[in-house]
Protein chains: 2
Amino acid sequence: MYRSHNCGELNANHINKEVTLAGWVQKSRDKGFMIWVDLRDRYGITQLIFDESRTEKSVFELAKTLGREFVVQVKGTVIERESKNNNIPTGEIEILVSELTILNAAILPPFTIEDETDGGEDIRMKYRYLDIRRNPVKNALLFRHNVAMHVRNYLSNQGFCEIETPYLIKSTPEGARDFVVPSRMNEGQFYALPQSPQTFKQLLMVGGMDKYFQIVKCFRDEDLRADRQPEFTQIDCEMAFVEQEDILNVFEGLTRHLLKEIKGIEVDKFPRITYDYAMKTYGNDKPDIRFDMKFGELNEVAQHKDFPVFNSAELVVGIAAPNCASYTRKEIDALIDWVKRPQVGASGMVYVKCEADGTYKSSVDKFYDQDDLAKWAEITGAKAGDMIFILSGKADKTRTQLSALRMELATRLGLRNPSEFAPLWVVDFPLLEFDEESNRYHAMHHPFTSPKPEDFELLETNPGKVRANAYDMVLNGNEIGGGSIRIHDKNLQARMFNLLGFTPEEAENQFGFLMNAFQYGAPPHGGLAFGLDRLVAILGGQETIRDFIAFPKNNSGRDVMIDAPSVIDDKQLEELHIKLDITK
Amino acid sequence: MYRSHNCGELNANHINKEVTLAGWVQKSRDKGFMIWVDLRDRYGITQLIFDESRTEKSVFELAKTLGREFVVQVKGTVIERESKNNNIPTGEIEILVSELTILNAAILPPFTIEDETDGGEDIRMKYRYLDIRRNPVKNALLFRHNVAMHVRNYLSNQGFCEIETPYLIKSTPEGARDFVVPSRMNEGQFYALPQSPQTFKQLLMVGGMDKYFQIVKCFRDEDLRADRQPEFTQIDCEMAFVEQEDILNVFEGLTRHLLKEIKGIEVDKFPRITYDYAMKTYGNDKPDIRFDMKFGELNEVAQHKDFPVFNSAELVVGIAAPNCASYTRKEIDALIDWVKRPQVGASGMVYVKCEADGTYKSSVDKFYDQDDLAKWAEITGAKAGDMIFILSGKADKTRTQLSALRMELATRLGLRNPSEFAPLWVVDFPLLEFDEESNRYHAMHHPFTSPKPEDFELLETNPGKVRANAYDMVLNGNEIGGGSIRIHDKNLQARMFNLLGFTPEEAENQFGFLMNAFQYGAPPHGGLAFGLDRLVAILGGQETIRDFIAFPKNNSGRDVMIDAPSVIDDKQLEELHIKLDITK
C-alpha cells in the first residue's frame, strides 16, 4: 500500500503521528525558504510543508520541482498548522515531509482541476479522466453509486431478484431504431442491442419469477436531442399477480425511501392525476408541481364578446403569474416575443394586470370590462398583484405553448428550486396515439400495454379513446419512470398487434415467442422502468445528466475521448459477412 | 394484489385463516368426490382441496377442468391436513377452497415442470420461460442474485464505487474478436462491444477514483467451446496506490466473505503458488487442490537405466493415485486407453502398484528393481495401497497429459467434492507467450500488464523469461479471477506495445488516449476481474454455468427462444451504410 492514510482524514487527533500519503499535487506555493503543497486524492486535500530549516536538502530541492497534477508519495509527521483552515476537515494540520517520491510526473493539464474549471464542455469530454478529478464530477459518480446501492438493497429486501437479461437480442421494427450487431457465426444475420429488457422481463413473469428488477444498460439509435445518450441506464422492474395499485405503491415506496435516505426529505403520499387532467391543467403529461399556476380555461367567459381572436379559437386559456403585475411594458413585450419564438410558436399573447387596488388593466380593455376580467382572475386563481397571461388557438398546440410559458415563468420567478422535490403519478394514459404520417395508430407506451378492461369494447370502434393501465412517475417536471399493466392473454395481444398494423405473420415472426409463452400459463403482470441517469441527476439537483455518467457521448453519439466509433479493418468486415455502403 | 399469502408460507399457525393464493397448477388428483391440487409459485407449493360435500358445486366442477400449469387464484380456509407431508414447509395444512378463478389457461408444456424433468437441453432452452419454473433453475437465479448482492455490499462497504463504463466503445485487434456495431450517424464507422472495461477502469484510476468495481457484461466473438457464452458477466475491479499484495488481500477477503456468508464455510488464508510451481506440480495453472496427487519428477531416478522410452524423454513424471493398487488389469488398461485418446494424446503409460506388504509391482519390472521403484514411490508420495501412474515425453505436453489424468482419477475417486472449496492464488505469470503462428510474442494477460520491475532488463533481451505482476485466483480447478498490476508509465507502455509488434502509429491510433492519459499524472494501479457466471456456478456446486444464466445462448451463439440473431430489413442496412456480403 502506498499510503497509511488518505488525504481527507487527518486532523488534530493525529498530531505527531508518522504518516504516508499519496496523491496529486493540487497546487504548490514556493516562498523560497518554505514550500506548501496541497496534496489531493479522492477523499480530500491535505497540506504538505517543506521547510528549508527542517527538511533535508535533497527533499526540499525535489519539492521545488513539483508541478500541478504530479503524483507523489510522501512520508512525514502530522503537525499543527499555524494558520488553520476551517473550510476543510484537514484544515487544522499539515504534514512536515521527510521523504518525497515522485510516482509519476505530469504535463500541464488542458484545464484547471478546480470545482469551477476554465475548461469548456468539449475539452472536458476529451480529457474526461482529468474532468473526473474535479469534485463536481467525482461527487456525481459517487452519488450515483450511492443511489444505485439504495435501489438494489431496497428492492432486494422487498423480495425482488435482480436477473441479468441478454444484450444480444433480436431487432424489431416497432419503437425506436435498434443498434444492431452483425453475427459472424450466423451469416447475414444480426443481433440487436436491447432498447429495454421488456419482453425478457415478461418472460420471467411467465417463468414465475414474480418480482424482478435489473439496473441495466439500454440502447436507442435515435438522433440525439440535447441531454440524451445512445446508451442509458434503466432501473427495470416487473411483478406478477399484481394490479396497477400494487405497482404504484411499491415504486412510490422506493422513491420515498430514496428521498429520505439520500436527501433526508420525507414526502407525503404522491398525488395521482390522470393524463387528461394533466393535459388540461398543465398542458403537459409531466407537470412540475413544485409551483401552482394551473391553467384556467376561459372560453365561456372570454368568447362571444367582440374580440375576434378569442372568438375564433378552439381554446382560450390562461395562467396567473404570481406577483408579476408590476412587470413593465418592456418586460411584457419581451415575454410576448419569447412565446412568439418558433420554438414556442404562439401568434400573440393577452395579459391582464391584477392591480393591488382590485382593478384590472389588460391588453384587451376595449373588448372586456372589469367584471369580465374579474371572472378571468377567478378562473385562473389570480390574486391582486398577479399577472394573467392568456393564449388562444387550437387546443393541443395552445396548451403546449402555455405549458412552455408556465415553465419559463417559474424559472424566471425562481420557483423551480432544485432542492425541493414534488413527485406525482400521472395515470390513465391513452393506449394509442394516431400518427398522421403513417396513417395508423401507434402504441403510446409499447405494444404490450394492457387496455383498461372497461375500454376493451372501444378497441376496434374508437381506438383513440381507449385508456391504458399505464402510468408515469413525474418528479419536478421530468418523467423519471413509466410503466403499465401488460397484456397476458394471447388473443388480446394478437388483437393489439393487429390494431398496430402488424400482419399475423409479422406478429408471429417478431413476437411469436412471447405469444407462444402466453399459452403456457402467463400470470397477470406489470411493471415499470426508471431512467437512472435522469433520476440521479434530479436527486443530485442538476438539470443535465452528463456529469452523472462517467464517460458520456456527445450529440453525434461519439466518445471523443477514445475516438469511437471508428473504422474497422477489412478482415473484420469480411468475417462478419458485410461490406461498407458509403454514399459519396 | 391477487394474493394475501404466497404458496410457501402457510403452516399450522394459520389454521382457520381465510387466505387468497395465486399460482400455477403443479398437479391435480381427482378422486371423484375429492380433488387435490398442488398450487405452485416462486415460494413453494400449497395443497388445495375441493370436496364435493363442502365445496360449492360450480367451484367443484370448475376445479375438475384444471390442467397442469393453469394459472389460478383461489380463496379459502386454511385447514389441517389429514396426512401430513413433512418434506415441505406447508405440509401440515391445506386450503379448503371456496372461490376459484382461472386467471389463464395453459396448454400442455413440452416437458414436465419438475426438479428432474423429461426435457432435454435443446427444448428446455427453446422454452426457457418454462424451464425457469423448475426449482433447479429458479434457485440458481435466486442464488446468483444473492451472490451479486453480497459482492456489491462487501465492496461498497470497503469504499469501492461502482461506476458504469460504456458499452459502445472502440474496436481493437489485440485479444479476442470484437462484436461490432455499425454507426448510423458516423458513416462507415463502427463501435465495438467491450471485451472488458479494461482501459476505462484504468482511466478511472487516472481520474482519481481509486477503488472501482462494476458487475458488467462483456462480449467476445469467439468460437464457443462448451460452457462459454458470447456475452458473460464480470466482477471488474481496480485500485490505485496499491501493490499486488494489497489487491490479493482485498479480493481474498471478498472471496472468504462469500464462502462464509453464502456457504457457511470458513477458509484459511489462501495458499499462494507461483505459475512455475503450479505447472511443475500440477501440470496446470489452475490446479484443483481439493486433493493431493502432486507430480513427482522421476528423470533422475528413472533415466539411464535400460528403458529407452524414459531415457529418450525430456520429462518422466508420475502421480500416486490413492488406494488404487487394487485396480484390475482391465481397469488399468481402460485408463491407459483413456490417456491415449486423441483428447489427451499420451503414447502410453507406465504403472507401479504399491502393494500392502511394501513391495512394488510395475509394468516395467524388467528394467527397474524394488529399490528403484521405492524411490519413485518416495518422490510421488505413494503409500502402500496406492498406484503410481507415469507418463513421459516432451515436458509441456507430458505435464498437460498428466494433469488431465490427475483430474480424471480425482473424478473417478470422488475427490472432487462440490461442497468442498479449496481456493488459492497463482502468481508470477509470464508476461508474454510466444505464438508460433504469428511468430511473435503475445501478452499472456493483456498489453497493460506490468512486468516485474526486477525483470525490466530482460524485456528486450529475453522476453519469454519476463515475469509479470499478474495473478489468478483459482477455485476447485477453475480460474475464477485474474488480474495484474498495470503499467502506468507512458514509456514503458510504449515499449510493451513495441514488443507486441505494434508500430508506434498503431499504438497511437488504438491506445493513444490511454498513453496520453498516463502523461497527466497516472497513479500506480492494478486490479482484477472475476468471472461471475463461473464463480456462481462453482459456489452453487455445479460444473456448468448455463443454469445460472437466465437466457443463455447455444454453442452457435443463438438464442433459440427468441430466434436471434435474425435477418434485418434492407432499410436498416441502408441507414447503417452497410450491405450484406454473403458467400454463395
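Biologist: Two strands pair if DSSP finds at least two bridges between them. In this predicted model, over how many bridges do β17 and β20 of chain B pair?
Modeller: β17 of chain B covers residues 423-427, and β20 of chain B covers residues 470-475. P423(B) stands opposite L475(B) in β20(B). The strands run in the antiparallel sense, and the pairing extends over 5 bridges.

Biologist: Which strands stand at the edges of the open sheet in chain B?
Modeller: The open sheet has 8 strands with mixed pairing, in the order β6-β9-β10-β22-β21-β20-β17-β11 (chain B). Each edge strand has a single partner, so one side of it is left without a neighbour in the sheet. The edges are β6 (161-162) and β11 (272-274) of chain B.

Biologist: At about what angle does helix α6 of chain B run to β20(B)?
Modeller: Helix α6 spans residues 244-263 of chain B. It lies across β10, β11, β17, β20, β21 and β22 of chain B. Its angle to β20(B) is about 15 degrees.

Biologist: How much area do chain B and chain A bury between them?
Modeller: In contact are 126 residues of chain B and 126 residues of chain A. In chain B, E164(B), F241(B) and Y520(B) lose the most area to chain A. Carbon and sulfur atoms carry 59% of the buried area, and the total is about 11300 Å².

Biologist: Which residue of chain B forms a salt bridge with R152(A)?
Modeller: The count between chain B and chain A is 12 salt bridges. In the one formed by R152(A), the closest N and O atoms are 3.7 Å apart. A salt bridge requires such atoms within 4 Å. The partner is E162(B).

Technical notes:
Residues are numbered from 1 along each chain as its sequence is written. Chains are lettered from A and ligands numbered from 1 in the order in which they are written. This is a predicted model: local features need pLDDT of at least 70, side-chain atom pairs count only at pLDDT 80 or more; totals for chains, interfaces and linings use all residues. Side-chain values use heavy atoms; hydrogens and water are left out. Helices (H or I, at least four residues) and strands (E, at least two) are DSSP runs, numbered from the N terminus. Contact means heavy atoms within 4.5 Å. Axes are lines fitted to C-alpha atoms, for helices over the stretch in contact, and angles run from 0 to 180 degrees between N-to-C directions. Buried area is the accessible area (1.4 Å probe) that two parts lose on being put together, summed over both. A salt bridge is a side-chain nitrogen of Lys or Arg within 4 Å of a carboxyl oxygen of Asp or Glu.
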